[in-house]
Amino acid sequence: MTSVSYDIELNGVYKSYPLGKSRIPIFEDLTMTIPDGDFLAIMGPSGSGKSTILNLIGGIDTVVRGHVSIGGSMLDKMSTRALTRWRSEVIGFVFQFYNLMPMLSAAQNVELPLLLTDLSAAERRERVHTILDIVGLADRHDHLPSLLSGGQQQRVGIARAIASDPRILLCDEPTGDLDRKSADEILELLQLLNTKLGKTIIMVTHDESSTRVAKRTVILDKGRFVSEEIAQCA
Amino acid sequence: MRLSPSLLIRQNLTRKLLRSILLILCIGVAFFIFGVLSSFQQGFKGASAQTSRLVVASKVGGNETLPLSYLPEIQALNGVADVTHITRLRAYVENERNIVGANAVDLESYARVYSDAYAFSTEMLRAAGADRTAILVGRTLAERMGWSTGDTVTLTSFVHARSGGDRNWRFTIAGIFDGAEMTTDTSFLLARADYFHTAVMRNKNRVDLFGIQPKPGADTQALAREIDALYANSGAQTRTQSETAFMSAFLEQFANIALLVRLIVGVAFATILMIVANTMIFAIRERTLEIGVLKVLGFSGGRIMCIVLAETLVLFALGLCLGLCLTAVAIPVLADALQSVVPGLYLTPRVIATALALAVGFALACGALPSINALRLPIAAALKHR
Ligand SMILES: Nc1ncnc2c1ncn2[C@@H]1O[C@H](COP(=O)(O)OP(=O)(O)OP(=O)(O)O)[C@@H](O)[C@H]1O
Ligand SMILES: [Mg+2]
C-alpha cells in the first residue's frame, strides 16, 4: 500500500449546481495537485466552494466535467458501489459538528467504520484502543458523545476518521465550533497525524491562525485560487 | 458492549424509548383489533360452511314438526344419497338459563350425512349403540360444562316429558366428538332418537328436521323443489333449503350489526396503522444526516437499508406479538359470551398468518419509503440536513 503514492489531482474540473431551471457554476476550470503527505489549508469567503472541493476529493459529490484522480484511481469513472468502498479505505472525513452517533459510546463511534473491514472483534477492540490513545481519550471509552466536551467530541470524530487507516483526511472547519484552547489541541493533533503518520490532510478553515499547522495555504474566491502561500513553519 | 449491526439496531430502537414503546402499543392494539375482527369473520364463515346438504323443515316454521314417516319417502327420491332426522330436545341443565343444544338423532345415519362436519369415531358410535341412554357430546360443550366420557348428566326439557310427565332426562356420555375444523360448531350433544321417541310422552315420531346428503352432481335446487312438491298437499308441508341458506337465515339477523362493527373496526385498524407509519417515517427522516454520515464512512445503501428495515421489523414483530397475545386472551372470553351468536370463535392459524403477512408488509413499507428517500439524497445534501 505504501508504495502507491496518493497524489490528488483535479483536472479541468467543472462543477455547477442547479438553481431553478438554470445552473450556477461553482468551478469552471479548476486544476490543482495536492501531493501525498501534504497538509493543505483552504481559506476563502463563505460560498466560495471550499466544502465542494472536499466533497469532490472525498467522492461524495461528482464533477460535471473534468477529472478527479487520486493515487491513480479516476473517481469520475467509478460506480457508486466502487466509490463507496474506495472511500471507506482511502478517505477519512472530519466534520465541523462532529456528526457522532449520539447513542453510541466514544469507542463504538470509532469502531463503526471498522465494521466494514475484515477485522475480528478482538482486532477491532485493539485498534480502537490504540486510536483513542493517539487522540488522547484513553479514559473516555465508554462515554456517550453528549457527556464529552466539544474538543473531546472532535477528537472522537478524528479517531473515527483515522480508524480504518486512510491515507487522506478531509477536515471541513474542524475547529469552527471550538474555543481557542480546544482548537489548538485539535490542530496539534492534526499536525501530528500529518508529520508522524504521514496522512495527507486538507483542512478548510475560516481562522487565519489555524493555518500555521499547515504546510501550504490556498485562498479560494469565486471558484478560483487567488493566492497561495507556503507556510514558514512547515 | 461490542459494536455490531444488531447493537446498532437495538440502540436506535431504545434511544427514544418512549416513542418505541408507544409505537409497539399502537401496533399491538391495531393487530388486536384485527385479530378479533378476523376471528369473528371466520367464525361466521365457519358456521355457514359450504356444503351441498339440504335441510327439510316445516313450512310453517317455529316449533312445528314433521312426521318421521317422511324419511323413507325422501330416501327413495332419485337425487338423495342419504338422509337423517333431527329432533330438538329444547333442554337446559340445572337452571333454565343454562340452555344446551341437544338433538335426538339416528346416530348411524347422522354420522354418515354429517361425516364432513364432525369426526365420530367407530368406538364412540359402538359405545353409544350399546346403551339406549347414551349421548355423544361436542368438544366445545363438554369443555364448557366440564363433562367427560362416562359422566351421567340430567337434562330438563322445556317441552318434552317422558311418559309419566317427568321432564328430566338422564343420559350417560359415551364419547366426546370434535368438529372437522377448528371453527366447526360443536357446542351441542346428540342423544339416541330410538330411545327418545320411545320414551317421550307426546309427539312420538315427530321430528324437527331432516338432513339430506344429495348424490354427487345432483341438482340440489330441483331436489328441494321436488321434496316440497311431494308434501304440498299433506298435513305437514315442508320447506327445503340448502344448509348454507338455512344457517344464514339464522345469522342474517346479526348481519347489519356485523357489517357496522366490521366497518368501524376496520377504520380504526387502518387509522392506527397510518399513524404508526407516519410516526416511523418521520422518525427515520430525522436521521437523514446520520444516514449521510454512515454513507461517508463507507456504509453501502443496502447495508443502511437493512439496518433501518430490521428496526421497523422488530417494532412490528413486538407489536404483533402483543396484539396476538391480547387476542388469544380475549377470544375465549368473547367466545363464551357470544356462544349463541358466533359458535365457532377461535384464533385460527389462518388469522395469525394473515396478521403476520400484514405486519411484515407494513414494516417493510414504513422502513423502505423514508430510507429510500434518505439514500437517494446526495451525500453532500444529506450532510447539510439538520
Ligand atoms: N447541494 C447543493 N445544491 C445547490 N447548491 C449548492 C449545493 N451545495 C453547495 N451549493 C452552492 O455552491 C456554492 C459553494 O458551496 P460550498 O458549500 O462549497 O461553500 P463553502 O465555501 O464551503 O462555504 P462555507 O464557508 O459557508 O461553508 C454555494 O454558493 C452553495 O450555495
Ligand atoms: Mg463549507
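Student: On what conventions do the values rest?

Tutor: The model is predicted, so local features need pLDDT of at least 70 and side-chain atom pairs count only at pLDDT 80 or more, while totals for chains, interfaces and linings use all residues. Residues are numbered from 1 along each chain as its sequence is written, chains are lettered from A and ligands numbered from 1 in the order in which they are written, and side-chain values use heavy atoms, without hydrogens and water.

Student: Which residues come nearest to ligand 1?

Tutor: A residue is near a molecule if one of its heavy atoms lies within 4 Å of it. Here 13 residues are around ligand 1, and Ser46(A), Lys50(A), Ser51(A), Thr52(A) and Lys384(B) come nearest. The site is shared between chains, because residues from chains A and B surround the ligand.

Student: Which helix gives the most to the shell around ligand 1?

Tutor: Helices are DSSP runs (H or I, at least four residues), numbered from the N terminus. Helix α1 (residues 50–57) of chain A gives the most, with three residues.

Student: How is the pair of Phe34(B) and Phe269(B) to be read?

Tutor: Rings of Phe, Tyr and Trp (its six-membered ring) pair if their centres lie within 6.5 Å; planes under 30 degrees apart count as stacked, over 60 as edge-to-face and the rest as tilted. By this rule there are 21 aromatic pairs over all chains. The ring centres of Phe34(B) and Phe269(B) are 5.3 Å apart and the planes at 35°, so this pair is tilted. Phe34(B) lies in helix α2 (residues 17–47) of chain B and Phe269(B) in helix α9 (residues 243–285) of chain B, so the pair ties together parts that are 235 residues apart in sequence.

Student: Are Phe34(B) and Phe269(B) buried or exposed?

Tutor: Buried means under 20% relative accessible area, exposed over 50%, partly exposed in between (1.4 Å probe, protein chains only). Both Phe34(B) and Phe269(B) are buried.

Student: Where does the charged end of Arg65(A) sit?

Tutor: A charge sits over a ring if NZ of Lys or CZ of Arg is within 6 Å of the ring centre and within 35 degrees of the ring normal. The charged end of Arg65(A) sits over the ring of Tyr14(A), 4.4 Å from its centre.

Technical notes
Helices (H or I, at least four residues) and strands (E, at least two) are DSSP runs, numbered from the N terminus.
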